[in-house]
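Hi everyone, thanks for coming. Please take a look at the structure with me, and we'll walk through a few parts of it together.

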Amino acid sequence: MSVDRDTVKRVAHLARIAIGEDDAERMTGELNAILGFVEQLGEVDVTGVEPMTSVIPIAMKKRRDAVTDGGRAADILANAPASEEGFFLVPKVVE
Amino acid sequence: MSELTNLTIAEARARLEKREITAAELTDAYLAAIEAANPTLNAYVAVTADKARAMAAASDARLAAGTAGALEGIPLGVKDLFATEGEHTQAGSHILDGFRPPYESTVTANLWADGAVMLGKLNMDEFAMGSSNETSHYGPVVNPWRAEGDDKALVPGGSSGGSAAAVAAWLCAGATATDTGGSIRQPAAFTGTVGIKPTYGRCSRWGTVAFASSLDQAGPIARDVRDAAILLRSMASVDDKDTTSADVPVADYEAAIGRSVKGMRIGIPKEYRMDGMPGEIEAVWQQGIAWLRAAGAEIVDISLPHTKYALPAYYIVAPAEASSNLARYDGVRYGLRVPGRDLLEMYENTRAAGFGAEVKRRVMIGTYVLSAGYYDAYYLRAQKVRTLIKKDFEDVFEAGVEAILTPATPSAAFGIGDQDMAADPVKMYLNDVFTVTVNMAGLPGIAVPAGLDGKGLPLGLQLIGRPFDEETLFATAHVLEEAAGHFAPRRWW
């Protein structure tokens, strides 16, 4: 499988990365080189093989359903590019 | 060069315990070495001198009081991927500009709890995506090694390039690093240092900036095998904050050093003999086999039939996980924000400006292989191939093989700005051809220096072990180290 320039622009939009025409052109070539490289997986017979879900056989840890953390609004906002009164500020979303 | 910065961790520990030197002296010696060398080597992206001096003073107090920890007063460098409270933590990226976490990663917290001193944050490929340290927002790291009679700047490998260069150039006693496809072992091999990627789940991933969560694992880079064992014991832990942290007690890895390999079955996988592999890599591999045989190990030929599919499967699984993990960098909660007309444009502008070319490439590949209609053909198939890769290893371990010996990398360190690799991303990816299988199978792997090539550059060997059997790797790596000797760059910087 290979991608064309329109697909690259669509994927960039899905990935929320702005790209110009020149970038799209260059990336089409690069992505096709990588997709060409991974194509060889098609040679492998995977009939009846389970996809890996955990590399080490361990059961997912569970903990008591209790509040163990919280009350740290100031910490959480400390690195925000813009915040006000305990909230993250973003451009207007709802008219 | 200061005599103090020449000490291994084991030597410094002994002299600190006997109070022949102080932690303050040792830390000052490293800070002076960093100040002199870093403008040339670019290994550190942030030096935390005040914090280092305060930590060293506290170590001296504990040494005097007889309450010293296992790493008391040992000055370490920390890869920029580990969250360090109140200190520079940007994963080598522009998108995390100014980020200072209000928390500490479990791995670094373990080190400080054992008395280690933090010198600063080490350069790395952006979000650990790279094999040369050239994708860092902070520019490439220069390898302290150069070819004989040639002053061309070489890469230290990646993504833990700053860690490996700093250890090799005596700018820290040891360093933390991380390995998703080879990012500890490849730079260790390129700099004549020792690096171990432990079993997946051995070191907590809590507070480590995520790249590919099912593959990422922290480990140390050190100047010798013993120092790597000392560091891993402190870094590793069982951690409730990481659901994939394995509930297995941490062993005394240093105690395994000196253990005999007599009668141990070491596997030599035929699939690691690649077409076009330089003769010197084959020669160093044969030398390693001869050393282990001379030490009494039983050498057996083995087959790991799915080896050639590990790298292509990795370049589906890792970008897929990365595209998901890196979705959080949106200009809202931390780091860089580039304005746009609306929220969507702000996201797109922020990520376009904040991510470098390699990160964008991988996020795009990951987004594509996970997108509607392609999931089964790419991601699901890659995860099935991963099951087969792991089974290859399980089969040879079941047959009685205790460790596997391979080359660490397909070449020695190459030049900064290599044109072939710049033109073709897949060429760069091939650096990890011998190491990536180990991440795909979750196994421990150690890189140990084994010799120099014809140009005087270090070459490494890799040992791959059974899950949670890091002790066998340290014992076997030490046998190789004893036979090969130690390698240090000539100081030119």
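Why is strand β10 of chain B largely enclosed by the rest of the structure? Because six of its eight residues, in the run 445-452, are buried; buried means that 20 or more other C-beta atoms, placed from the backbone, lie within 10 Å of a residue's own. Strands here are DSSP E runs of at least two residues and helices are H or I runs of at least four, numbered from the N terminus.

A quick note on the source: this is a predicted model, where local features need pLDDT of at least 70, side-chain atom pairs count only at pLDDT 80 or more, and totals for chains, interfaces and linings use all residues. Residues are numbered from 1 along each chain as its sequence is written, while chains are lettered from A and ligands numbered from 1 in the order in which they are written.

Now, the neighbours of β10(B). Strand β5 (194-197) of chain B pairs with β10(B) in the antiparallel sense over three bridges; pairing takes at least two DSSP bridges. β11(B), residues 458-465, is also antiparallel to β10(B), joined by seven bridges. Ala447(B) faces Gly195(B) and has Gln462(B) as its bridge partner in β11(B). In the hairpin of β10(B) and β11(B), five residues lie between the strands, and Gly456(B) takes a positive phi near 85°.

Over to chain A, which has three helices and two strands, in the order α-α-α-β-β. Its C-alpha trace spans about 55 × 45 × 25 Å along its principal axes, and 17% of its 95 residues count as buried.

How values were computed:
A residue is buried if 20 or more other C-beta atoms lie within 10 Å of its own, exposed if 12 or fewer, and partly exposed in between; C-beta atoms are placed from the backbone.
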